[in-house]
Amino acid sequence: MKYMLLIYSQPRDREPTPEEWAASMPAWQAFSEDLQRRGALVDAAPLAPTSSATTVRVRDDKPVVTDGPFAETKEWLGGYYIIESPSLDGAIEAAKMCPGAKDGSVEVRPIVDVGG
Amino acid sequence: MSTSAADAAERVAASFRADGGRTLATLSRAVGDIALAEDALQDAYLAALQRWPRDGFPARPSAWILATARNRAIDRLRRERVGREKLQRLAALEPAPAASRDADDSGAGENAVPDDRLGLIFACCHPALGIEARIALTLRTLAGLTVEEIADAFLVPHATMAQRLVRVKRKIRESAIPFEVPPAERLAERLADVCAVVYLIFNEGYAASSGAQLVRRDLCDEAIRLARVLLALVPDEREVMSLLALMLYHDSRRDARVREDGTLVALPDQDRSTWNRAKIDEATALLARANGLGAPGAYQIQAMIAFAHASAASAGDVDWHGIAELYGHLDRMAPSPVVALNRAVAIGFADGPLAGLAALDALPREALESYHLYHVARADVLARLERSTEARAAYRAALALTQNAAEQAYLRAKLRETA
């Protein structure tokens, strides 16, 4: 089974500064390496801050392109991991180790296998 | 209905009662899907009703049912064209894959059917599921209650409960919640989750939070039965034996707790001769075994408190100092305002109402203000101190906070007594 770990920041007024980002990197690197060692890592990436987000909607065949994320929330998606685990328990254990779980939250979602 | 058909119906029902739960657990584990396992099992029992009168009764009905259900599950999975892994696991359920689809019974005895109920218990009580869903699913799959019975026990519409069960089974399947006994390093934590579900079922039965009946006996009985199954599967887990002991102590008093007219009888006023001695003795034996196994856990301490009540010859002989100490111990282990409240109540009996009131007033009021038993405890010590105006105000505050009809009747009687 594949699971996506969606990493949400804690609710706060601003996104991390580049310095804060850099300071947190070693923990993320260690987490990724640990997953890789166990053969569980499929894919992972951080996302650029929501200030860079663009939202696209198509209504009545007309595209509407707007600046910013779809919803004004104080919690934002900061990145994701896709991992392989035989069951939810393994995915939960991975999420517990994820640095993002310490100040924000990690949502664990099974990835649907559409075959092919 | 011909004689043999009636006979078959009888035997199918007997087979279901004896092995239905275990077979459901085995199938659920193989396919990782309780709903599919339930459907396949139902197919198998229907097939048995048709085939047993015609082809003769199998020597090992449970093996016949498991093999037939397994084949029906394979058929269903093939139709869905998904789950190659699940098909492989199903195929592995039978030691001899060449066995005929009719699952003629020969070879190993009934014990060849593995007991996968423990894995099923851990799946049903998984922390990734909502607590209400855990309770409903445990009652459905392990206690074998019908959807209607569960809905009635929790006073929700049948359709709501049916939907809750469909949703939780879907989550188990889609997120691949395992039907396994957790590894040693997580066993204690997960076992505590299971015990919590069983105890919640018991408490819902013992002190129904709403409705006319104070005790819903069926839920108490099911919780005790579940704890027995659990203990049979993990016979050396002392928190499981302690939980069973605790529930048996409580349950031994259930007839003494409620009058004919449905009103509540407080512990000191109960007729001790009506307490069920057999349950108390069984609980005491379990507790003694648990006490021999090392430092006590939270259920064990609660069982020790219940023992202190059960072993006293009369209400006046209860060792309240010992009980206050045990509550103190429990509060340090797992701090909770309710435990602290119980400790204060015990102090009130051990050292007198003035000490009791001081202990109650030292509690964090904001955490307990909306809890009716806090006001009952204050009212009781105030009444003993003959401060009746304050006592009546506290009884009234408690009355406004409970929806349970038996408790309301008890509190109204207390108000009348406290003139």
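Guide: Of the 116 residues of chain A, 13% count as buried. Keep in mind that this is a predicted model.

Visitor: How many helices and strands does chain A have?
Guide: Three helices and six strands. Starting at the N terminus, the order of elements is β-α-β-β-β-β-α-α-β.

Visitor: Which strands form the open sheet, and in what order?
Guide: Four strands of chain A, ordered β2-β5-β1-β6, with antiparallel pairing.

Visitor: Which ones stand at the edges?
Guide: β2 (41-46) and β6 (105-110) of chain A. Each has a single partner strand, so one side of each is left without a neighbour in the sheet.

Visitor: By how much are neighbouring strands turned against each other?
Guide: By 15° on average, ignoring direction.

Visitor: And β1 with β5, over how many bridges do they pair?
Guide: Seven, in the antiparallel sense, between residues 2-8 and residues 77-84 of chain A. In that pairing, A:Y8 of chain A sits opposite A:L77 in β5(A).

Visitor: New topic. How many residues of chain A are in contact with chain B?
Guide: Six, and they meet six residues of chain B.

Visitor: Where does the largest share of that side of chain A come from?
Guide: Helix α2 (residues 88-97) of chain A, with three residues.

Visitor: How do the residues on that side divide?
Guide: Four nonpolar, one polar and one charged.

Visitor: Last one: what box do the C-alpha atoms of chain A fill?
Guide: Roughly 45 × 45 × 20 Å along the principal axes.

Conventions. Residues numbered from 1 in each chain as written. Chains lettered and ligands numbered in written order. Predicted model: local features only at pLDDT ≥ 70, side-chain atom pairs only at ≥ 80, totals over all residues. Contact = placed C-beta atoms within 7 Å. Helix = DSSP H or I, 4+ residues; strand = E, 2+ residues; numbered from the N terminus. Nonpolar A, V, L, I, M, F, W, Y, C, P; charged D, E, K, R; others polar. Pairing = 2+ DSSP bridges. Axes fitted to C-alpha atoms, helices over the stretch in contact; angles between N-to-C directions. Buried ≥ 20, exposed ≤ 12 C-beta atoms within 10 Å, placed from the backbone.
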